Amino acid sequence: MIEVEGLTVRFGGVTPIDGMSVTFPGGTCGLIGPNGAGKTTFFNVLSGFVRPVAGTIRAFGDDLLKMGDFRRARWGLRRTFQTEQAIEHLSVFDNVAMVHEHSRGHGVSKTQAVADALEFVGLDLSPKTKVGGLGARERRLIEVARAIVGKPRVVLLDEPAAGLPDEETAHMGRVIQRIPEHFGALVVLVDHDMSLVSACCQTTAVLDFGKLIASGPTAEVLRDEHVMRAYLGTEEEL
Amino acid sequence: MSVVGTRGGTAVLRRAPVAVEPGTLVRGAVVVGLLAIVIFALPSLVGSDWITTFTSVAIYSVVALGFGILYGRVGMISLGQVALLSIGCWIGARMSYATSIPFPILLVVDGAITCVIGVLVGLPSLRLSGLYLALITLMFAGATTVVLSVIDFPNGGHGFKGRLGAGQLATSTPPVRRPSIAHGDTAYYRYVVVVVAILFVVALLHVSTKPGRAWAAIRESEPAALAAGVNITLYKMWAFALASFVTGVAGCLLAAELGVPRAITFQTQDSLTLAATALIGGIFSLWGAIVAGVFNQLLPFIFQAQWSIDTNFLLIIFGAGLLQVLLTAPGGLAEQFPKDMKNLGKLLWRLGRRVTQR
């Protein structure tokens with residue numbers, strides 16, 4: 001469970017997150033909103049790249065903001081980025097093993113953990129393959145494998161299916177759905193693809209201009225009047 | 001000496017008993033074979049002036065190795081590597097005058113001290129990158145050159161601080177001692193090659209395991225590396241420590257190779273030439289460092305001693321080579337040469353087939 005209280009982020013005169021209070025109860029939680037709503041900024045706060053001016057974040061009882069940036073990954077906070085960040089020069093194995101090496105206590109060996117992670121995301125290619133030569137689908141899956149290898153506690157997915165065709169997005173959705181039960185981790189999914197969000201997420205929170213405008217069960221949230229207005233705009237704004 | 005190791009035991013992934021891949025075996029055999037030729041056959045093939053040049057090739061390939069670790073693996077441009085070499089050379093010379101510790105220990109101690117200095121020089125890399133880091137390290141190289149010439153480096157009197165008068169320096173400076181088992185030029189050449197091979201193995205063990213992966217992550221994207229739990233400060237400093245250590249050891253080897261090292265041996269621009277040759281050789285492969293050593297030391301020797309051409313012309317050649325590498329082959333000769341050979345082989349094979357079919 002992640003509890004966010006009164007979170008505010010300011011960059012000069014811009015306030016990308018403005019007094020955000022929300023609770024991600026567990027399982028897979030969606031976080032949606034129009035472009036510039038503050039979703040990625042929120043992830044960057046969780047990762048420690050951005051310091052909020054106010055607010056608290058507690059993840060499974062631990063104060064996340066008190067932890068140093070790279071220590072959060074050791075604690076079990078994992079994420080993917082909007083633009084995929086698989087390391088071109090390394091092999092598939094090295095890409096995933098690299099994350100495992102820097103995370104917290106693991107019961108199984110590194111090779112076993114990497115093999116499990118690759119199997120979990122459904123990548124059946126030689127672990128020795130260099131990432132530089134792979135396509136978008138493989139790279140996205142490697143990113144997810146990097147995010148779940150070992151013992152993740154919180155997995156932040158920032159548009160994990162961006163740029164993938166429908167069929168592969170569906171596969172990605174099935175992978176994401178299985179993360180909570182398989183690893184006992186909480187997943188926060190940011191995506192613009194509403195069918196992916198509705199397929200994966202039990203609950204969803206909606207951000208607009210840095211403010212939380214709705215949260216609750218996904219189906220209800222998506223029918224919410226404010227949410228529709230945020231996405232489609234109102235006549236006055238037009 | 002390229003990436004020979006099994007990548008962290010990937011073979012185990014398929015739950016097979018630890019199996020060494022054939023490719024690794026072949027590469028290992030090639031490395032051992034080349035090393036045997038370089039150590040045993042080469043000295044009897046060439047003259048004594050060639051042997052000292054090859055000693056320098058081995059030493060400078062270690063400096064290029066340090067540059068390659070910093071830039072090729074982590075993405076930090078350091079133009080102060082030859083300055084670190086001169087510092088290693090200086091420390092080596094002074095310690096050799098002042099103490100009687102065995103040569104191998106001298107090498108390690110020299111490497112360790114240079115390592116500390118290198119880490120201090122690398123501290124700006126935590127805040128600066130790219131051009132700014134390059135400028136800062138180049139200024140360091142310039143400052144080192146100034147200091148060395150002001151204090152008559154290494155001014156070999158006795159003890160740590162012994163000084164000789166200006167007139168005496170040329171005639172009565174005792175040469176920096178060599179290891180007792182390798183006094184002659186050829187023996188010392190073999191000694192250097194073995195030490196250099198060990199340094200390359202140390203580097204290989206780094207780049208093919210945990211630190212190498214962490215460096216690759218930092219090079220690709222610092223935020224992504226942070227999000228993966230990489231302690232960026234630690235690993236950047238680690239890279240500087242490793243690069244400086246090997247450079248310091250190389251400096252000590254150079255001190256004993258030269259006997260009487262002089263400040264004139266180390267120019268600020270050498271750091272730039274080294275960076276250029278390292279890029280031409282290829283910074284992503286350990287082989288590239290050896291190619292860089294050859295370009296940096298063997299070519300000037302051939303130009304000057306064999307063909308009597310001014311070595312400054314080499315700068316133009318290096319410039320053209322660098323341009324060519326940056327435009328067409330970012331992996332350098334180490335990556336391009338095997339590809340070219342493969343293409344040539346294919347071409348010859350096709351030609352041969354066409355001829356036989358007629």
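Here is a short tour of a predicted model, one selection at a time. Residues count from 1 along each chain as its sequence is written, and chains are lettered from A in the order in which they are written. Local features need pLDDT of at least 70 and side-chain atom pairs 80 or more, while totals for chains, interfaces and linings use all residues.

Now select chain A. You'll find 9 helices and 10 strands (DSSP runs, H or I of at least four residues for helices, E of at least two for strands, numbered from the N terminus). Its radius of gyration, taken over C-alpha atoms, is 18 Å, close to the 18 Å from the globule rule for 238 residues, so chain A is as compact as a globular protein of that length (the rule is 2.2 Å times the number of residues to the power 0.38). Of those residues, 49% count as buried, meaning 20 or more other C-beta atoms, placed from the backbone, lie within 10 Å of a residue's own.

Hop to chain B and pick α8, residues 210-220, where 8 of 11 residues are buried. Show B:Trp215 and B:Arg213, two of the buried ones. Among the elements covering them is α3 (92-101) of chain A, along with α7 (185-207) and α10 (232-258) of chain B.

Terms used. A residue is buried if 20 or more other C-beta atoms lie within 10 Å of its own, exposed if 12 or fewer, and partly exposed in between; C-beta atoms are placed from the backbone. Two residues are in contact if their C-beta atoms, placed from the backbone, lie within 7 Å.
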